[in-house]
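Biologist: Please show me the model and take me through how parts of it are arranged.

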Amino acid sequence: MEGLLTRCRALPALATCNHQLSGYLPRRFPHCAPGRRKRLVLSCLFQPQNLREDQVLPLEGRSGDLTCKSQRLMLQVGLIHPASSGCYHLLPYTVRAMEKLVRVIDQEMQAIGGQKVNMPSLSPAELWRASNRWDLMGKELLRLRDRHGKEYCLGPTHEEAITALVASQKTLSYKQLPFLLYQVTRKFRDEPRPRFGLLRGREFYMKDMYTFDSSPEAARQTYSLVCDAYSSLFDRLGLRCVKVQADVGSIGGTMSHEFQLPVEIGEDRFAVCTSCSFSANVETLDSSQMICPACQGPLTETKGIEVGHTFYLGTKYSSIFNAQFINVHGKPSLAEMGCYGLGVTRILAAAIEVLSTEDCIRWPSLLAPYQVCLIPRRRAVRKRRLQSSWGSSVSHVTAAAALLHCLTLLDSKEQLTLKNLGKGVQKSTYTYVQTLVKTVIEPTPHFQSRCYSTGGGVDLPDEGSYPLITPVHSLSKVFQFQMA
Ligand SMILES: [Zn+2]
């Protein structure tokens with residue numbers, strides 16, 4: 001518990017993401033000699049699919065009733081597989097993308113002093129009765145009993161649990177505050193009508209942060225710090241989110257904002273002022289009020305997906321659970337709280353929803369499960385000369401790719417024609433696709449990769465000049481950060 005109370009504001013070293021698999025690759029995949037661990041062979045993997053629309057089973061709504069583009073593409077390509085209504089198996093590509101997303105979230109949260117915790121999903125009913133939310137949450141709460149008849153819910157959020165945890169720290173001093181505690185865990189909500197795949201499920205991943213400050217002023221500072229971290233996160237992902245004033249709902253508190261990603265299938269509606277920076281969820285406005293309360297200018301309405309939500313809670317929960325600290329005068333005082341959510345699985349699906357074409361999945365560059373896909377040209381590979389230098393060519397590209405902090409995928413489905421291979425690859429979303437042709441074994445090898453985010457080509461230069469790689473990329477800012 002000592003560790004929990006230690007404050008750390010240091011930004012952790014930038015994590016690279018190219019080695020999670022390296023530990024077991026050499027044993028499991030004979031093609032990957034120890035020196036070439038950053039390469040995977042696609043045919044050895046749980047295969048990405050390429051299903052027709054009528055071949056996928058959504059398991060929600062009526063049969064065959066696919067509710068949005070991201071759900072359809074994720075099912076077709078084999079990123080998710082339905083398990084039960086509102087619940088999906090996340091398949092390997094999705095898990096890789098999610099791990100990358102969690103890493104970016106960790107960077108942003110830890111840069112503002114966040115410390116990661118992990119609380120149980122089983123949440124005892126007495127905590128929820130204390131805050132009166134056992135009744136207030138109604139049917140949304142998934143409830144269960146253990147063999148002793150003790151009641152629990154599967155946590156949709158953890159204000160009660162974290163406040164009780166902090167309240168258990170009896171000798172908390174104002175000098176230790178603020179605390180910013182967060183976790184990335186599964187959450188549960190008994191949705192009446194799960195839909196849109198990962199956008200509105202019954203079991204999903206959320207990042208939830210809870211902050212504890214010694215005064216309302218300090219809590220407001222923390223609030224804007226976290227909001228800025230959210231903006232920075234969405235900027236890095238290349239997602240243009242709008243921060244809007246929001247209703248506090250069943251969470252409570254006195255101030256709240258949502259981070260909305262504008263998209264037509266979004267279930268939230270928000271209004272934006274065309275002449276000043278005012279924006280708000282329409283729930284917070286009078287139904288007739290389409291005039292900006294700040295400047296009286298006209299408001300325009302947009303649909304959005306809520307990908308983040310922030311609340312300034314004040315002492316609503318700290319007063320219930322008696323979460324106190326010793327203030328500067330040596331007297332016990334209630335902690336000022338905030339809570340901050342990010343829909344982790346929802347961000348993955350929402351990003352696919354806004355970035356993809358009707359046929360091809362596009363990820364934010366930071367999240368693409370694999371950055372580079374190598375495709376051997378079948379006819380060329382058959383030629384002995386190319387075959388002998390095949391290994392070194394692959395290593396060459398792999399080395400370049402390693403500088404982009406990515407794991408290279410070697411597509412070796414030689415039974416497929418290049419055309420079909422290309423189709424599958426294009427659909428399933430690598431940032432770069434490298435077709436290995438004759439030029440890679442010339443005395444000065446030349447690699448021309450295709451960047452599927454922009455449709456443009458990018459040169460991977462010869463060894464020695466890799467740091468000069470400057471991809472032609474719509475998210476070049478993001479990319480440079482990755483290489484830093
Ligand atoms: Zn205005």
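Modeller: Helix α2 (residues 69-77) packs against helix α9 (residues 344-355) with axes 8 Å apart. Helices here are DSSP runs of H or I of at least four residues, strands are E runs of at least two, and both are numbered from the N terminus. This is a predicted model, where local features need pLDDT of at least 70, side-chain atom pairs count only at pLDDT 80 or more, and totals for chains, interfaces and linings use all residues. Residues are numbered from 1 along each chain as its sequence is written.

Biologist: Are α2 and α9 roughly parallel or roughly perpendicular to each other?

Modeller: Axes are lines fitted to C-alpha atoms, for helices over the stretch in contact, and angles run from 0 to 180 degrees between N-to-C directions. The packing angle is about 105°. Angles under 35 degrees count as roughly parallel, over 145 as roughly antiparallel, 65 to 115 as roughly perpendicular and the rest as oblique. The two helices, α2 and α9, are therefore roughly perpendicular.

Biologist: Which residues of α9 make the contact with α2?

Modeller: Contact means that C-beta atoms, placed from the backbone, lie within 7 Å. From α2 come Lys69, Ser70, Leu73 and Met74. From α9 come Ala349, Ile352 and Glu353.

Biologist: What is the bridge partner of Ser123 in β7?

Modeller: Strands pair if DSSP finds at least two bridges between them. Strand β5 runs antiparallel to β7 (residues 151-154), and three bridges join them. In β7, Ser123 has as its bridge partner Cys153.

Biologist: What is the order of the strands in the open sheet?

Modeller: The edge strands, each pairing on one side only, are β5 (122-124) and β6 (142-145). With antiparallel pairing, the order of the three strands is β5-β7-β6.

Technical notes: Two residues are in contact if their C-beta atoms, placed from the backbone, lie within 7 Å.
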